[in-house]
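Hi everyone, thanks for making time. Please have a look at the structure, and then I'll walk you through it.

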Amino acid sequence: MIKRLANRLLRWYLHPDFYPDISGDLEELYLRNRAASPVVADWKYMLQVIVLFRPSLMRTFFKNSIIKDTGMLRNYFKIGVRSLLKQKAFTFINVMGLAVGLAAFLLIQQYVKFEESYDRHFADADQLYRLTTDQVVDSVLGTRDAMSFAPSGKALVEEVPEIIDATTTYKFGGLIFRKGESFVTEERVIAVDEHFLNLFTYEVLSGNTASLLSEPNSLVLSESKARFYFESQDPVGKTIYLQDFEKDFKVAGVIADPGQNTHYKFDILMAISTIKERLDQEAWNGYNYYTYVKLDKEANIDNIRPLLPALSKKYMGDDNTLVFNLQPVIDIHLYSDLTFEPEIHGSARAVSFLNLISIFILVIAWVNYVNLSTARSFDRAKEVGIRKVVGARRNQLVFQFMTEAFMINVLGALLALGLAELALPSFNNLISKEILDHAWNDEGFLRNVGLFAFVGTLVSGVYPALVLSGFRPVMVLKGKFRNSKQGVWLRKGLVVLQFTASLSLIACTFIVYQQVSFMRSKDIGMSIDQIVGFRGPRSNNENFATQTQKRTLFAEELKNHPEIKGVAMISNLPGGGSSDVNSSSGGIKIVGKTDLLEATTYVLQINDEVINLLDIDLIFGRNFDRTRGADTATVLVNESFIKRFGLEVNETIVNEKIQFGKNLENPKWNIVGILKDVNRSSLKNAVEPTVYFYNDAPPQVMVKLEAGKYQEGLDVLAATWEQFFPNAPLKYAFLDERFDSLYQEDKRFGAVFGAFSVLALVVATLGLFGLSSFMAIQRTKEVGVRKVLGASVGHIVGIFYKDFLSLIVLALVVGAPLIYLGMNQWLDGYAYRISFPWLFLGLSLLIVLAIALLTVGYQVYKVAVLDPSKTLRYE
Amino acid sequence: MKEYQLGEFEEIVLLTVGVLYPEAYGVALKDEIEGRLKRKVSVGALQSALRRMESKGYLHSREGEPNTERGGKPKRYFTITAYGKKALDHSKDVRLALYNAIPPVALDFKFT
């Protein structure tokens, strides 16, 4: 491996005339060394190749270039090294700043690239669209749903010639598989038809590609699942037992693992013909399927979209408010925000925010170089003068200073590579994604490191090089040198820029944290402490009544234990995603009080213990009561439900009736009570208008444990479960953890933001440290004179502070509106948001101020305490 | 010396090429120099000296048969040209003349 690399290198640079015999010599030596140790032989080979890198043996690379002028070039490097070594603090600050800035920038860029790469790896990815379902009432767009009707894909292929293929898929909520003697819950199983792999071009590793996924009761496993179930054996033709279907499924094939960068993740594919009965039954009645279509290469989506409303009417009926829509698959991860997404999607906004931070950090590092090198121009003015006097041309001086910038940038880039490599595990952890294993051997990353070493040289090097090379020798050597007014202004401007960037980042971090902690601590209208939730077992061969009865008995048994405070059952556990709820889009009205309202109404089924267990306020009316037989025709509603009709929430609503749909024969439901609004999901979304139906034993079970005895409670739960459902695994989660996981993305965003803001601040502080040190040293004599005339140390520090304070105030003036606008917009993405926290803007200002004053103060103090008799003795 | 430029290492290589006649090629030269002078010689240093002297005309080279032991690569055998011989003679003469010109007293060490 190393030898091959070395040989490639050799072949690249060596003169082709010399290559055959020299490589022969090397081979001979290599064979001799290999007898002792192959590894050592490899490295010796490499070493020889490196030592062979000499001008007399090289082929011609550049004709007539400056590189050939090696004498001057060598001189530039020599001078560069000397000046970098002479000003160690300056070099250190610049190299460190660039390294941190570049490492942060490149890591974030890697992440941004990853987020943008979602679903682009399929062949013809730009021709793939997801069929979604919009609700449009009186041409007002209502809820947009990611799902569609089962037959719709096929219908579109028939109706629209530009749509050449379609696949219908169904996502299971988790199925129980048997592995040997134990049971495994597979969360990511989807049922798909045989077209699926035409659209999503996963590589088929084994199995007959043509017939894959067409036969009922057949599966296609991902590579890692195949290994999990069958280890090294060939899984094709073998069977796996599925508890939920109570039969064996045949494994028809194995495909490559779907990567992390797809919005529709799965481990196992099932032929959708297995659940054909269900598809036929739902047909055009329920849209619970993800449908994807592929457009012809020539097709234009804008020509297809206008056809969709008519088609929707044709298949779903004239009076239907649902409309097909097509959404590019490559946009789903970052831009889609529909209900019932298959996973918590990424956010284009978060990505662009991060992008912005990374640019900030890098710019801050570059600004450091510009500021520090122009600030110390005084030191080098004489050098420039002498060089010019002895005949240096200006472009030679520019080249010399560019060489220095280049050296610093290259050092910074190398260190950045090391830092990135070290920080990678924490970075992966921070973003909870494995975007990169190693930085040092990733081609793209290395290319970027190289690229930015050059870009950085140009961006940060050009201005100082022009300034430094522009001094007029007569002026400089006469000693009449002063910093130009423009230069000072530019430097001050750049410092303001740095302060503004740091201030904004810190303020934004605070605001993000504040919003997240607000959402996590806000009263959601119910009490979720000490409650575990899990799904009751499902079984296909026991009928519905038996299952319900078993669940009820299980609940009653649990209640007999003192460690268990209560048990309640509900159709969807609180703390689920936005799609973890049922809904009805058929329109609803309160009979005799309102007209039919075409809007989505959310539906939960609860038993009569849920309200008490979750401690939800019943504002008017009464709770369900299982002893009343009539409660099967009653509902509870929440405040939002009433308010959406434009009605006031009061007791007159109680005992009114609601009716779904247009058909006047539809059943009417008596409202027996009104519940306070509760947030069943993330506070990003407003409370949904919800109707609660009564059900004796809905599938999800919530168990409230006695405070302080929760371990015992869990033991009781596990034992009782084992006793009732010995064949099913028990998987429970605490409700507060479920809620917390809803804010994962936000928390992660906050953490990433925070970490990089601190880095930005560190880099900016480094720069300030260097800058103030130069300024203080340059004004040493002034300080001496002031001291002689009676100024105190405090007074002198104050004079310096005045300069920097005005810069910080300016940064605040520039930054505050930007922060306000940017963050207000970000906060507007949340249904429940904090009002703009001016306090935190102040706090961020204090932090920046404190750091700046400490840094500057330290440098000035060092100069101010010097004995004037020493600083002034040469005057 | 202006006529015949010959560095110290170059001279050693040139002499060794003579010693190994007619089998002087890279690895053999390296082994020989390392054996006689007890110093490490890198392929790079050796080869660049050889090529430099070839272009100056001190050395002549010919390609040998491809050899499987060397990954099917040919050896390149070097021989001293007449001009190379002159350069060696010149360098030897100069040194000898200098050596002989040292007054005997300078070599007459006394330990006091």
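**A walk through the two chains**

Let's begin at P22(B), which is found in the loop between α1 (8-19) and α2 of chain B. Helices here are DSSP runs of H or I with at least four residues, strands are runs of E with at least two, and both are numbered from the N terminus. The peptide bond from Y21(B) to P22(B) is cis, with omega near 0°. As background, most peptide bonds are trans.

Before I go on, some housekeeping. This is a predicted model, in which local features need pLDDT of at least 70 and side-chain atom pairs count only at pLDDT 80 or more, while totals for chains, interfaces and linings use all residues. Residues are numbered from 1 along each chain as its sequence is written, and chains are lettered from A and ligands numbered from 1 in the order in which they are written.

How does the model score? ipTM is 0.83 and pTM is 0.70. Chain B averages a pLDDT of 86, and 94% of its residues score at least 70; pLDDT is the predictor's confidence in each residue, from 0 to 100.

Staying with chain B, what is it built from? Its secondary structure comes to 5 helices and 2 strands, and from the N terminus on the order is α-α-α-β-β-α-α. The C-alpha trace of chain B spans about 60 × 35 × 20 Å along its principal axes. Chain B has a radius of gyration of 17 Å, whereas a compact globule of 112 residues would have one near 13 Å. That radius is taken over C-alpha atoms, and the globule rule is 2.2 Å times the number of residues to the power 0.38.

Buried residues make up 28% of the 112 residues in chain B. By buried I mean that 20 or more other C-beta atoms lie within 10 Å of the residue's own; exposed is 12 or fewer, partly exposed is in between, and the C-beta atoms are placed from the backbone. Of the contacts in chain B with a separation of 6 or more, 48% are between residues 24 or more positions apart. Two residues are in contact if their C-beta atoms, placed from the backbone, lie within 7 Å.

Now, where do the chains meet? The contact takes 16 residues from chain B and 18 residues from chain A. On the chain B side, the elements that give two or more residues are α2 (26-37), α3 (43-56) and β2 (73-80). The largest share, 6 residues, comes from α3(B). By class, that side of chain B has 3 nonpolar, 6 polar and 7 charged residues. For those classes, Ala, Val, Leu, Ile, Met, Phe, Trp, Tyr, Cys and Pro count as nonpolar, Asp, Glu, Lys and Arg as charged, and the others, Gly among them, as polar.

Over to chain A. It is divided into domain 1 (2-61), domain 2 (71-117 + 343-483), domain 3 (130-306 + 320-327), domain 4 (484-523 + 737-875) and domain 5 (537-727), with bounds that come from an automatic or database domain assignment. The C-alpha centres of domain 2 and domain 4 of chain A lie 22 Å apart. Between them, 31 residues of domain 2 are in contact with 32 residues of domain 4. On the domain 2 side, α5 (88-116), α13 (348-375) and α15 (394-431) of chain A each give two or more residues, and α13(A) gives the largest share, 15 residues. The residues on that domain 2 side divide into 22 nonpolar, 7 polar and 2 charged.

Next, a helix check on α27 (residues 838-864) of chain A. At 1.5 Å a residue its 27 residues should span 39 Å, and its end C-alpha atoms are 37 Å apart, which agrees; the expected span is 1.5 Å times one less than the number of residues. The buried residues of α27(A) include F840(A), L841(A), S844(A), L845(A) and V848(A).

Finally, some loop residues. N607(A) lies between β18 (601-606) and α20 (610-614) of chain A. Why does N607(A) count as buried? Because 22 other C-beta atoms lie within 10 Å. Leaving aside neighbours within four places in sequence, its contacts include A568(A), M569(A) and N695(A).

E246(A), in the loop between β9 (239-242) and β10 (247-255) of chain A, has a positive phi near 55°. E246(A) is exposed, with 11 other C-beta atoms within 10 Å.
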